[in-house]
Amino acid sequence: MKKLPIDADYLKTVMLELLAIPSPAGLTDEIVHYTGRQLNSLGIDYQLTRRGTIRAVLRRNMPERRKNSPACALVAHLDTLGAMVREIKEDGRLALQPIGTWSSRWAEGGRVTLFTENGRYRGSVLPLLASGHVYNEAIDSQPVNWDQLELRIDEDIRSAADARALNIQIGDFVAFDASPEMLDNGYVVSRHLDDKAGVAAMLAAAKAVVDSGVPVPMDCHIVFTLTEEVGSGARAVIESMVSEVIGIDIGPVASGQGAREEGVTIPLMDSAGPHDYHLTRRLLRLCSEHGIPCQRDVFRFYHSDAGAAVSAGHDVRTALLCFGADASHGYERTKLSVLVNLAELLTLYIQSGPTLPEDRHDRLDSVDQFSHQLDADQLQRVDLPRPDPSELVQGRDADQPGEPAA
């Protein structure tokens, strides 16, 4: 097993191309086409579900003497946050409903593309009180929520009839510009790094494995989901032979969090509960043994494709590998080096085989071969000295029952 060199130029190019393709959840066909072409160029076989979730497979290339060999799955999502037209107002402005869970603070001021059934229009998302020259300080006291925003389309629209004449309808998708920047100091700033940066890192890792020809001890399913931002994600695409699922996603950097814009962030728990004890510790060991910087974290308000797989009833070990990014679900910032580190760790994992030997079987007949999380020393009983009540009572003065002894 060895840490493979990552083609950082490929990773960067793929990430920028992904960011250029609008893909709010529900409007993802075009990004599926792009991702499929990337897999074709790498020579990696894949299948699509009816809606377009992609399951590619890096095939095991080592001889297997055992009858049972499980597979692993790496999962990243192609969908992003966005919005949909909820109402066409009398003045032709458009009310919006968010796609995914995100604050209207981050939508305000966004440049967007509205997609009709047969065309598109550009526009800006504005607060209802948009001009200080008109509303003075009232612009600073209006509430922060989606009902306080509206979409202004950059066309000659003065009424609802004008909007409808352009074939603008309720239910049209609104995609927010990613507006990516790659800085000379290594920082990457953009909307929708969640999770297009993760997708790019996963493809870069797959490229490194294919180019190097290293041994791959078990089939590795490389899965690209379409509905993570709205909660379902990997619920219906994990195959029965998969024994462990690793989600690849954003790690929110903030005060009180362990995530950093350096190295790989490995959360031990998120809103779905603790991730698998053995798998997460194994990933931490891989980082330690191969010089990949990493940090632990616990996410309080966070859902992922890995959690979606478990909630759907899949009996799999789960873990989450994250690129730390500041201001998640806004103008997110990370570093290219973080994504390279993430891809490096993925190449090591792909080469490493099942986390536990007994995972080759989906059922065991007894606990004899089942794993342990704690050893005998950790389980040893701790005896604390406890006073004998009778000795305490005998200390009292016998001539004065009930009174404290002198």
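Visitor: What should I know about the model before reading it?

Guide: The model is predicted; local features need pLDDT of at least 70, side-chain atom pairs count only at pLDDT 80 or more, and totals for chains, interfaces and linings use all residues. Residues are numbered from 1 along each chain as its sequence is written, and side-chain values use heavy atoms, with hydrogens and water left out.

Visitor: At what angle do α2 and α7 cross?

Guide: Helices (H or I, at least four residues) and strands (E, at least two) are DSSP runs, numbered from the N terminus. Axes are lines fitted to C-alpha atoms, for helices over the stretch in contact, and angles run from 0 to 180 degrees between N-to-C directions. Here the axes of α2 (residues 29-42) and α7 (residues 193-212) cross at roughly 15° and come within 10 Å. Angles under 35 degrees count as roughly parallel, over 145 as roughly antiparallel, 65 to 115 as roughly perpendicular and the rest as oblique. α2 and α7 are therefore roughly parallel to each other.

Visitor: Is the crossing of α2 and α7 left-handed or right-handed?

Guide: A crossing is left-handed if the near helix is turned anticlockwise from the far one by less than a right angle, and right-handed if clockwise. The crossing of α2 and α7 is right-handed.

Visitor: Which residues of α2 and α7 meet?

Guide: Contact means heavy atoms within 4.5 Å. From α2 come I31, Q38, L39 and L42, and they meet K196, L203, K207 and V210 in α7. By class, this contact has five nonpolar, one polar and two charged residues. Ala, Val, Leu, Ile, Met, Phe, Trp, Tyr, Cys and Pro count as nonpolar, Asp, Glu, Lys and Arg as charged, and the others, Gly among them, as polar.

Visitor: Is Q38 buried or exposed?

Guide: Buried means under 20% relative accessible area, exposed over 50%, and partly exposed in between (1.4 Å probe, protein chains only). Q38 has 12% relative accessibility and so counts as buried. Not counting residues up to four places away in sequence, Q38 touches Y10, V14, E17 and L203.

Visitor: How do α8 and α10 cross?

Guide: The axes of α8 (residues 277-289) and α10 come within 10 Å and cross at roughly 115°. These helices are therefore roughly perpendicular to each other, and their crossing is right-handed. L279, R282, L283, L286 and C287 of α8 make the contact with L345, L348 and Y349 of α10. The residues divide into seven nonpolar, no polar and one charged.

Visitor: Where is S352 found, and what does S352 touch?

Guide: S352 lies in the loop between α10 (336-350) and α11 (376-379). At 17% relative accessibility, S352 counts as buried. Beyond residues up to four places away in sequence, S352 touches M1, P217 and R282. S352 and Q38 are 25 Å apart, C-alpha to C-alpha, and 314 residues apart in sequence.

Visitor: Which residues does G110 touch?

Guide: G110 is in the loop between α3 (104-107) and β6 (111-115), and is buried, with a relative accessible area of 0%. Leaving out residues up to four places away in sequence, G110 touches G123, S124, V125, F176 and R191. G110 and V125 are 15 residues apart in sequence and 5.4 Å apart in space, C-alpha to C-alpha.

Visitor: How many bridges join β14 to β16?

Guide: Two strands pair if DSSP finds at least two bridges between them. Five bridges join β14 (residues 264-270) to β16, and the strands run parallel. V264 stands opposite C294 in β16. β16 (residues 294-298) has Q295 and D297 on a covered face, and C294, R296 and V298 on an uncovered one.
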